[in-house]
Amino acid sequence: MLGIPTHLAPRVNAWSTVRAFHAAAIGSLAAAAITLVLYRLAEPDVRVVGAVLALVPMLGMIAVHVQFGTWRSAVAFLVVGGVCAWWFAVVVQREVPAGWVASYLLSLSIIPLVLVGGAGAVAGRVALWSIAGFLVGRFATSIAIAQEGGPSHPLVLAWVTLGFVIALVLITSRNTTRSERVQPELLRSAREEHVSAYRAGVEAEAAAILHDTVLNHLGAIALAPDGPMDAQLARTVEADVAMLTGKEWLDRGSNPSRPEPGAAVRAFEQMIDDHRSLGLDVAVTGDPAVLARLDQAAMTAMLRAVGQCLANVRKHAGTDAAEVSVFDDGVACTVMVVDDGRGFDESTTSPDRMGLRGSVRERIGRVGGDVQVWSSPGSGTSVMMSVPYGAVTGSTPVPNAGSEVTR
């Protein structure tokens with residue numbers, strides 16, 4: 001109940017109760033038929049075929065009412081069920097002399113009428129239809145008993161069933177009212193939690209973008225020779241400043257659609273060219289076109305993470321060469337960045353270093369992917385990033401994959 005929207009909860013609760021009643025009604029008819037068969041086995045002279053056949057039309061009308069669920073089908077069920085209950089009671093009065101067995105059987109024939117549930121999805125209507133069904137069944141069996149001149153039966157089980165139905169309807173109706181009071185608070189808490197998670201994701205991605213752009217630019221400027229800034233570096237800084245001061249990375253990053261045809265390859269090639277222009281010899285293997293199978297957010301996260309790995313190679317690996325391999329195993333898109341540089345021990349990395357943690361691991365994790373790193377001092381570094389196709393990327397915006405994806 002607490003997970004259902006407030007305006008739908010009463011109807012859903014009533015309909016689920018009615019469906020349970022229908023299943024119980026079928027069980028009651030089955031129990032009546034089984035009891036008759038067992039009684040026939042114990043008393044070979046008893047003829048119970050007529051009583052069993054009387055249950056068949058009632059079973060068929062239950063199926064009809066389940067299918068249509070209108071007030072007309074409910075009325076038809078009561079009419080046909082009343083006739084069947086009378087027919088059943090006539091046979092039972094003639095063939096079953098044991099009073100307690102007859103009372104049990106007659107109750108089983110009335111219970112489906114009690115459990116008809118009506119056609120409404122309101123608790124009060126369900127109770128009224130159940131009372132009407134009980135009265136129809138009791139009237140039909142009373143006529144049969146009068147015709148056959150037999151003794152009256154208390155029909156205890158039918159009365160107990162009616163009381164149970166009414167009590168259940170009242171309890172569920174009360175619980176529905178209570179949940180309607182609690183539901184807004186739960187929805188408010190869920191919304192606040194969602195907003196907090198959304199804000200945390202935006203802040204994490206913003207921090208990663210600042211690391212990928214500002215810190216990398218400062219490092220490149222510090223390593224640049226004296227004199228005017230390199231034209232390519234200047235264009236890169238200008239483009240990234242425009243991206244940081246705008247909102248495009250927020251809007252486009254939350255787009256769950258597939259990127260335009262060819263956009264993934266163009267963005268990948270632009271990212272590789274950017275790093276080559278900064279002096280890194282990047283070899284590409286595999287098929288970069290498989291990046292297009294990722295949605296926009298996942299593709300952007302992957303390209304930014306790969307770009308950060310290449311930036312780490314330039315700044316920390318002590319080598320001017322790296323290899324980028326793109327794989328497609330039919331389930332996920334996997335990209336590996338490998339270098340033969342000095343390597344490192346990730347466990348000894350300072351916690352305030354955001355490159356691998358924030359710009360690679362957490363970024364890929366936000367789009368449902370996984371990152372594995374193999375490195376040790378003196379043996380180079382391999383970073384494998386894998387994002388499943390169709391992974392749930394959540395509501396956290398991920399920056400756009402344009403020409404500035406890795407700076």
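I began at Leu155, which lies in the loop between helix H5 (123-148) and helix H6 (156-223); helices here are DSSP runs of H or I with at least four residues, strands are runs of E with at least two, and both are numbered from the N terminus. The model is a predicted one, in which local features need pLDDT of at least 70 and side-chain atom pairs count only at pLDDT 80 or more, while totals for chains, interfaces and linings use all residues. Residues are numbered from 1 along each chain as its sequence is written, and side-chain values use heavy atoms, with hydrogens and water left out.

Still at Leu155, I looked up the backbone and found phi near 55 degrees, a positive value in a residue other than glycine. I noted beside this that most residues other than glycine have a negative phi. Leu155 counts as buried because its relative accessibility is 1%; buried means under 20% relative accessible area, exposed over 50%, and partly exposed in between, with a 1.4 Å probe and protein chains only.

I then took the chain as a whole. The secondary structure of the protein chain comes to 11 helices and five strands, and 44% of its 407 residues count as buried. Among contacts with a separation of 6 or more, 76% are between residues 24 or more positions apart, where contact means heavy atoms within 4.5 Å.

Next I turned to helix H3 (residues 71-95) and its packing against helix H4 (residues 99-114), for which I read an angle of about 175 degrees and axes 9 Å apart. The axes are lines fitted to C-alpha atoms, for helices over the stretch in contact, and the angles run from 0 to 180 degrees between N-to-C directions. H3 and H4 are therefore roughly antiparallel to each other; angles over 145 degrees count as roughly antiparallel, under 35 as roughly parallel, 65 to 115 as roughly perpendicular and the rest as oblique. The contact includes Phe77, Gly81 and Phe88 from H3, and Leu105, Ser109 and Leu113 from H4. By class, this contact of H3 with H4 has 11 nonpolar, four polar and no charged residues, with Ala, Val, Leu, Ile, Met, Phe, Trp, Tyr, Cys and Pro counted as nonpolar, Asp, Glu, Lys and Arg as charged, and the others, Gly among them, as polar.

I also checked H3 against helix H2 (residues 49-68), where the angle is about 170 degrees and the axes are 8 Å apart. H2 and H3 are therefore roughly antiparallel to each other. Met61, His65 and Phe68 are among the H2 residues that meet H3, and Ser73, Val80 and Trp87 are among those on the H3 side. The contact of H2 with H3 divides into 18 nonpolar, four polar and no charged residues.

Ser73 counts as buried at 7% relative accessibility, and apart from neighbours within four places in sequence, Ser73 is in contact with Met61, His65 and Phe68. Val80 is partly exposed, with a relative accessible area of 26%, and touches Pro57 and Met61, not counting residues up to four places away in sequence. Val80 and Met61 are 19 residues apart in sequence, with their C-alpha atoms 7.4 Å apart in space. Val90 is buried at a relative accessible area of 7%, and its contacts, leaving aside neighbours within four places in sequence, are Ala144, Gln147 and Glu148.
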